[in-house]
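Subject: Two-chain model, handover and notes

Hello,

Here is the model I said I would pass on. The notes on what was found in it follow below.

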Amino acid sequence: MSAVVPAIASLKNIVKRYTRGKQNIEVLHSLNLEIPDGEFLALMGPSGSGKTTLLNLIGGLDRPTEGEVTVAGQRIDRLSGGALAKWRARHVGFVFQFYNLMPMLTAERNIELPLLLTSLSRAERRKNVHAALEIVGLADRATHKPSELSGGEQQRVAIARALVADPTLLVCDEPTGDLDRATADEILGLLRTLNREQHKTVIVVTHDQKAADFATRQLQVDKGSLTDVAAASRP
Amino acid sequence: MKFLPLLWAGLWRKRTRTIFTLLSIVVAFVLFGMLQGVNAVFSNALNAAAVDRLSVVSRISFTEPLPFSYLAQIESLPGVAAVAYQSWFGTYYQDPKNFVFSFPVDPVRFFPLYPELQLPKDELAALVRTRTGAVVGRELARKYGWKIGDRVPLHSVIWTQANGRSDWQFDIVGIYDAPNDPNQGISFFFNHSYFDEARSFSKGTVGWYVVKVKDPAQAMQVAAAIDRRFANSPDETKSQSEKEFTQAFIKQAADISFIVSSILGAVFFTLLFLTGNTMMQSVRERVPELAVLKTLGFTDFAVVVLVLCEALVLCLAGALIGLAIAAGIFPALKRVIGEASLSWSILGLGSAVAVLLALVTGLPPAWRTTRLNIVDALADR
């Protein structure tokens, strides 16, 4: 008998509509989702299925048209813009397909960005940055700018940036979409390690089945609705 | 301070564009510093005007002469301590570009009224006894290498001698100092008696009277009394404080303040568009990066402050470099514009203008970031 794990994220009756020009498009239809704390969840689906929209709602980047989004014990769909920004800083680490690093900043400065919003001293920030660099295996690339790093290294820097403020969950939008297979596996392995050893809740959006196989649960997003694909059981 | 690397990264993202914008701001503030410095020279002249001295000129125009006979009548009025007179001689030395501020005066009357001009007694005496004698300011003597004993020809653009010649010969018999304001050391004074005897027209007249009042608090009453005394005469007077007179005198040549304001207005108007465009472009190009900052938890306010600080650093750096260059140029231009310097008030004004420029050019792009939708920006929509 397995213990009931409390949900870190809970989405109830989520409807999301966009207006593009004169068109009103409903992307998510009455969607419900519970994500247990410490889960590695893969959201799969074809382009335009609504998986990134769903991820944005969980990460507090967007608000639902209808429904409730509760993450880390907070009802975030009701927060103001400023409060939501502060909430994101405290609870969510983001990893994007194209890394989205600041091109003029070195790896360590990029990683330090979320910490600038905290009250940590310079020494504490440096310590945390170097700890994050150690975790992603880039301690020797700290002073390199993104243009001096490979795609895989840039994504590791992005993961370090997502980790450095010790967020409640990691939200990754196609984190391996721009990487070759071997590098993609390295990145996914790193995310799995973070999930297993640091007990981070990881949510990955991908349309790559091999990437999804790293997750402990896979959900299919199709035409704005969710289908449980498989509950992966791994040692 | 912790945001400094981020600020620097934003500015240095397009290095060439930032450098050129910075250079534009530097040039504008060099001009600002220079023009304000020149303006300050004239302002100093106004500020140096004594409160116990009045200038009495013709009501029609101060270029109209007044009868010499007014001297005794002004002297007899209550509240008047002393009276001197001067005329505008309008001369250059050797070349029209070597303009010389020269005035025929009665030295015995004139120098006691101007204690700020320090002339040794023996040199004053030499001036009184030498018909063609002249005393010159220390700066003017230095400029042309004149010394006591030199015979100097000046060409008047107004006054001809009875023989029809416009060249006047003078013997330098003294050099005066103006320790409180070196810009007062550029004048050339000579005997009014020589001038009046030799000139071909307007004999028996003076350009204006200088009246020292017994009590500065009563200066306006004395001025009114002088004007009343000559009311309804062929030569009505206009008596005013020395400051008002100097102001009118400077405006006769040019409204320096207006010229300075106009040039600077045009320069900063152009700069406004240039810097504004740079800031706008800079923000437009960084929309995805700013969206990432917002994603990471930077609030709208934090991003607005960041963009405004970028504009502030750019404008303030340009302003300070420009003003420093202007301060460095002034000593080299001393021979042309006289003793000018960049005062703390001009530095303060320059900094304030830079801050204003930063706010005006930084606010529109900063405001734009508040309307930035993270999801759209990240999706490059």
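Two strands count as paired if DSSP finds at least two bridges between them. Helices (H or I, at least four residues) and strands (E, at least two) are DSSP runs, numbered from the N terminus. This is a predicted model, in which local features need pLDDT of at least 70, side-chain atom pairs count only at pLDDT 80 or more, and totals for chains, interfaces and linings use all residues. Residues are numbered from 1 along each chain as its sequence is written, while chains are lettered from A and ligands numbered from 1 in the order in which they are written.

Chain A, the sheet

E4(A) and E5(A) pair in the antiparallel sense, over 2 bridges. In that pairing Val71(A) has Gln74(A) of E5(A) as its bridge partner. The two strands E4(A) and E5(A) form a hairpin with 2 residues between them, and Ala72(A) in the turn has a positive phi of about 50°.

Strand E1 (residues 7-20) and strand E4 (residues 66-71) of chain A run antiparallel and are joined by 5 bridges. Within E4(A), Val71(A) stands opposite Ala9(A). Contact here means C-beta atoms, placed from the backbone, within 7 Å. Axes are lines fitted to C-alpha atoms, for helices over the stretch in contact, and angles run from 0 to 180 degrees between N-to-C directions.

Chain A, positive phi

Most residues other than glycine have a negative phi. Ser30(A) has a positive phi of about 40° although it is not a glycine, and Ser30(A) lies in strand E2 of chain A. Asn100(A), also not a glycine, has a positive phi near 50°; Asn100(A) sits in the loop between strand E6 (92-95) and helix H3 (107-112) of chain A.

Are these residues buried or exposed? A residue is buried if 20 or more other C-beta atoms lie within 10 Å of its own, exposed if 12 or fewer, and partly exposed in between, with C-beta atoms placed from the backbone. Ser30(A) has 13 other C-beta atoms within 10 Å and is partly exposed, whereas Asn100(A) has 22 C-beta neighbours inside 10 Å and counts as buried.

Chain B

Chain B contains 15 helices and 12 strands. Of its 381 residues, 35% are buried. Among contacts in chain B with a separation of 6 or more, 82% are between residues 24 or more positions apart.

Helix H12 (residues 300-329) and helix H14 (residues 344-370) of chain B pack at an angle of about 150°, with their axes 7 Å apart. H12(B) and H14(B) are therefore roughly antiparallel to each other (angles under 35 degrees count as roughly parallel, over 145 as roughly antiparallel, 65 to 115 as roughly perpendicular and the rest as oblique).

The interface

In all, 20 residues of chain A are in contact with 18 residues of chain B. Helix H2 (residues 81-91) of chain A supplies the largest share of the chain A side, 6 residues.

Regards

Technical notes:
Contact = placed C-beta atoms within 7 Å.
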